[in-house]
Amino acid sequence: MTDEPVPAPAPRTVSPYNAANILTVVRIVLVPVFLGLVVSSQLTGTGARIVACLVFCVASATDFVDGWIARRWSLVTSFGKVADPIADKALTGTALVLLSVYDRLPWWVTVLILVREWGVTALRFWVIRYGIIPASRGGKLKTMLQIAAIAWYLWPVPEPFDVIGPWLMGAATVVTVVTGVDYVIEALRLRRDARRVPGPGA
């Protein structure tokens, strides 16, 4: 009796309509809500300012939750890979620009952080054919510092505790620049290593 080959299991198809992607969409939807709340408060009122801060914190929390869900239950999709970083940059970028518009944050800080954020995203697409640049521990620390600093600026923190905001933003800016340099080095390494690998028939 001959053993018949066992058919290979069909590859698992992940629906884009999953919890991780829904949270990403929620984060995108909350961006204009957050924008409207900040503009209505002009960062001078108390009620709308507090609500704006809470909306920002909730939206930021979805970033950590949707990533955990996607990894925990293998719900990574092409939509999520593209939409998740866009949602992150949209939320953080909107907050930074608004803080600068209302003279709470120097424009050079906002420009520096945004150039780094969008630059790293462009780097990831630049080397995607050679490999994936994963989020580093420094990158995660950068994200947490940015969220904490922005939230501190948004919340009507009384004196003298309001001085903590600039210190948090200073730390976030330093880590943002350092990790940005690390990502550039990693991207160049990926391209260099890929070019060293001989092609078929070499």
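Biologist: What are the ground rules for the values here?

Modeller: Because this is a predicted model, local features need pLDDT of at least 70 and side-chain atom pairs count only at pLDDT 80 or more, while totals for chains, interfaces and linings use all residues. Residues are numbered from 1 along each chain as its sequence is written, and side-chain values use heavy atoms, with hydrogens and water left out.

Biologist: Why is H1 called roughly antiparallel to H2?

Modeller: Helices here are DSSP runs of H or I with at least four residues, strands are runs of E with at least two, and both are numbered from the N terminus. The axes of helix H1 (residues 19-41) and helix H2 (residues 47-72) cross at roughly 165° and come within 9 Å. Axes are lines fitted to C-alpha atoms, for helices over the stretch in contact, and angles between N-to-C directions run from 0 to 180 degrees. Angles under 35 degrees count as roughly parallel, over 145 as roughly antiparallel, 65 to 115 as roughly perpendicular and the rest as oblique, so H1 is roughly antiparallel to H2.

Biologist: What makes up the contact of H1 with H2, in terms of nonpolar, polar and charged residues?

Modeller: The residues of that contact divide into 17 nonpolar, 4 polar and 4 charged, where Ala, Val, Leu, Ile, Met, Phe, Trp, Tyr, Cys and Pro count as nonpolar, Asp, Glu, Lys and Arg as charged, and the others, Gly among them, as polar.

Biologist: Why is the pair Arg27 and Asp63 called a salt bridge?

Modeller: A salt bridge is a side-chain nitrogen of Lys or Arg within 4 Å of a carboxyl oxygen of Asp or Glu, and the closest N and O atoms of Arg27 and Asp63 are 3.8 Å apart. Arg27 lies in helix H1 and Asp63 in helix H2, so the pair ties together parts that are 36 residues apart in sequence. Arg27 also forms a salt bridge with Asp84, with the closest N and O atoms 2.6 Å apart. Asp84 lies in helix H3 (residues 78-101), so this pair ties together parts that are 57 residues apart in sequence. By this rule the count comes to 8 salt bridges.

Biologist: Do Arg27 and Asp63 count as buried or exposed, and how do you know?

Modeller: Buried means under 20% relative accessible area, exposed over 50%, and partly exposed in between, with a 1.4 Å probe and protein chains only. Arg27 is at 0% relative accessibility and therefore counts as buried, and Asp63, at 18%, counts as buried as well.

Biologist: What about Arg189 and Glu186, which also meet in a salt bridge?

Modeller: Their side chains meet at 2.5 Å, N to O, and both residues lie in helix H6 (residues 164-196), 3 residues apart, about one turn of the helix. Arg189, at 31% relative accessibility, counts as partly exposed, and Glu186 is partly exposed with a relative accessible area of 23%.
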